[in-house]
Amino acid sequence: MTSLKQKDALLLTLIGTGWIFSLPLACLGGPYPLDGETIWRTLANFAGLSVPNDANGTQQLIITNIRFARVCLAAVCGGILATSGLCLQGVLRNPLAEPFTLGISAGAACGASLAIALGEIPLLTALFHMPQHAAFISLSALSGALFAVFAALWLGRSRKGLDKEHIILAGIAVSTFFGALVALVKALNEESVTSIVFWILGSFQGRGWESMPLLLLASLPALFVLAFRWRTLDVLAFGDVQAGQMGIDVGKNRFLILVAVGCMTAGCVAVAGVIGFVGLVIPHTLRLLLGAAHGPLLIGAFFGGGLLLVWADVIARTTLTGGQEIPVGVVTALLGGPFFALLVKQR
Amino acid sequence: MIHVESLFAGYGPNTVLHGIDFDADHGEHISVLGTNGSGKTTFLHALSGLLKPQSGRILLFGKNIAEMPPRKRAGQIAIMPQRSICPPGITVRHAVLLGRYPHLSWLGTFSAKDHEIAENAMETTRTAALAGRMLSELSGGEMQRVMLARTLAQKTPLILLDEPAAHIDPAYAIELFDLLEQLRRNGLCIITVMHDCNLAALYATRMMGMKNGKILFEGPVNTVFSEACLSELYSMPVRVLRTAEFSFPVAVPAKTCGCSAVPLSVAAPTR
């Protein structure tokens with residue numbers, strides 16, 4: 001048992017160390033060439049350390065306000081998505097559950113699509129003074145995602161309480177409905193199709209520190225709720241009846257976990273769009289390496305998810321030339337898909 | 001210890017238990033007998049506090065279990081299910097340790113005492129050798145023993161067991177019931193739901209027969225383990241055999257078409 005715990009601790013230390021070192025290292029990639037020393041000195045100054053720095057204003061702006069902000073957003077979003085996937089798979093006892101099972105992605109996509117389509121109408125833009133279009137899209141996506149979560153929870157409440165099968169079915173119903181609304185918006189407003197499609201695929205392009213408060217506001221309380229329920233998730237693995245017999249108020253805990261997951265995923269989607277696969281790949285990979293105890297899994301998922309998304313974003317912004325980017329959701333699926341398939345095959 | 005008063009319980013609008021009155025105390029082993037659908041398992045679920053009574057009440061040490069917080073209730077009542085889900089990636093040791101859940105602090109970490117109690121529970125149930133194995137690798141009998149170890153790790157004064165001998169061989173069934181007998185002698189109250197009335201008669205201090213959600217008979221084994229009670233319980237003629245060779249009675253169905261009912265001389269193959 002000791003050796004098992006040592007192995008877990010070693011792996012978690014490795015993931016955590018990789019996460020910390022990735023934050024400055026990931027700032028290297030991008031269309032504007034920057035060397036490691038400039039990045040290190042600028043970030044040290046940014047963190048309040050007095051290190052001599054000869055970086056010019058443009059370099060400092062790119063490093064602190066664009067790349068580092070983007071890396072931090074990717075690290076937090078990746079952590080949220082992986083943690084959400086892990087918790088949903090645990091609380092719904094369904095290995096296919098992922099952060100978007102509750103219809104969050106469709107709800108957010110619907111909110112964002114409406115915002116994008118409305119933003120294309122010059123009269124509305126002028127009337128309602130919508131210069132900060134990105135913020136409007138984010139808030140609209142957040143509202144859509146939260147509406148979808150609570151609709152799924154309301155529909156999923158059966159006579160037996162918050163039953164896991166009912167929740168999954170409710171999530172499918174909500175997804176289908178909002179998916180249809182997105183299709184309707186695209187059909188009615190053809191000019192917005194490209195923007196909607198690009199938003200749905202997920203990207204950190206153009207996101208900066210201004211997105212961080214929204215993300216933290218949505219995720220910190222939720223992470224706090226989840227952090228004290230790791231043992232509850234362990235017991236829930238034995239099914240509702242046994243969990244109840246072992247002293248868990250299954251309905252209350254399931255509701256709290258689902259609301260927490262819903263809120264933080266909604267925040268993440270509002271900032272970066274729909275980034276799939278992180279919530280599926282990271283939890284399953286970690287389960288193979290760490291076992292099924294949710295304590296180490298939650299820590300591993302937060303840092304592992306962050307690590308994956310930080311480097312997926314580096315690939316997304318460095319592969320194409322001329323400032324063009326691949327949507328990060330495409331990169332996570334392209335990287336994660338074959339890797340995940342290999343893991344499943346080897347199991 | 002536990003006092004059940006005019007209990008009506010069921011699922012949704014359906015009432016399964018109709019006016020049950022029941023008492024059990026320290027050092028008792030009560031076996032609940034009955035046919036399928038008689039309400040035995042529903043009764044056990046109601047006693048565990050998971051199934052809320054439609055009317056009536058269940059008092060544990062004078063407190064209504066319906067009003068107890070789930071964790072506090074699980075610290076007093078443990079239940080061993082008939083079958084358990086085997087979550088992947090969970091070791092036997094971790095599963096047994098999870099029996100300590102009702103006693104954990106808000107941080108959810110296991111203390112040295114929790115580890116010691118879990119190790120003792122595994123020693124008692126002879127599952128210590130399986131500690132590092134995954135639950136999904138166990139046989140039905142091994143799983144049953146692990147679930148008993150988890151139940152014992154809960155350290156409760158009342159233990160409820162749903163068909164504890166259902167998936168285990170006769171030798172281990174005896175071993176398991178010997179262990180329950182030890183626990184009973186140590187002052188625990190044990191309530192078992194059983195189909196095997198002969199095994200129940202060997203170990204129970206009291207028996208209760210349930211039919212159509214009502215108590216048909218209830219009392220000490222030597223009083224209620226009779227042809228009249230069992231025949232009425234199972235709606236078929238039952239003989240209770242008492243021989244000088246064995247100190248305990250054995251119940252057998254009096255009417256059967258099985259091959260053992262055919263005299264051996266006739267059953268022998270002929271050319």
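Tutor: Before placing any residue, note that helices (H or I, at least four residues) and strands (E, at least two) are DSSP runs, numbered from the N terminus. This is a predicted model, in which local features need pLDDT of at least 70 and side-chain atom pairs count only at pLDDT 80 or more, while totals for chains, interfaces and linings use all residues. Residues are numbered from 1 along each chain as its sequence is written, chains are lettered from A and ligands numbered from 1 in the order in which they are written, and side-chain values use heavy atoms, with hydrogens and water left out.

Student: Where is Asn36(B) found in chain B?

Tutor: Asn36(B) belongs to the loop that runs between strand E3 (29-34) and helix H1 (40-48) of chain B. Its C-alpha is 19 Å from that of Gly19(B), a residue 17 positions away in sequence.

Student: Is Asn36(B) buried or exposed, and which side chain makes a polar contact with the side chain of Asn36(B)?

Tutor: Buried means under 20% relative accessible area, exposed over 50%, and partly exposed in between (1.4 Å probe, protein chains only). Asn36(B) has a relative accessible area of 66% and is therefore exposed. A polar contact is a pair of N or O atoms within 3.5 Å; within protein, one must be able to donate a hydrogen and the other to accept it, and residues adjacent in sequence count only if both atoms are side-chain atoms. The partner of the Asn36(B) side chain is the side chain of His195(B), at 3.1 Å.

Student: How should I read phi in the loops of chain B?

Tutor: Most residues other than glycine have a negative phi. Arg126(B), although not a glycine, has a positive phi of about 55 degrees; this residue sits in the loop between helix H4 (112-124) and helix H5 (140-153) of chain B and is partly exposed at 46% relative accessible area. Asn212(B) also has a positive phi, near 50 degrees, in the loop that separates strand E9 (206-211) from strand E10 (214-220) of chain B, and with 59% relative accessibility Asn212(B) counts as exposed.

Student: Turning to chain A, at what angle do helix H3 (residues 57-91) and helix H14 (residues 294-318) pack?

Tutor: Axes are lines fitted to C-alpha atoms, for helices over the stretch in contact, and angles run from 0 to 180 degrees between N-to-C directions. Here the angle is about 135 degrees, and the axes of H3(A) and H14(A) are 6 Å apart. Angles under 35 degrees count as roughly parallel, over 145 as roughly antiparallel, 65 to 115 as roughly perpendicular and the rest as oblique, so H3(A) is oblique to H14(A). Sorted by class, the residues of this contact are 15 nonpolar, seven polar and four charged, where Ala, Val, Leu, Ile, Met, Phe, Trp, Tyr, Cys and Pro count as nonpolar, Asp, Glu, Lys and Arg as charged, and the others, Gly among them, as polar.

Student: Which side chains make polar contacts with the side chain of Arg70(A)?

Tutor: Arg70(A), a residue of helix H3 of chain A, is buried because its relative accessible area is 6%. Its side chain has a polar contact of 2.9 Å with the side chain of Asp313(A) and another, of 2.7 Å, with the side chain of Glu325(A). With contact taken as heavy atoms within 4.5 Å, and leaving aside neighbours within four places in sequence, Arg70(A) touches Phe204(A), Gln205(A), Asp313(A), Arg317(A) and Glu325(A).
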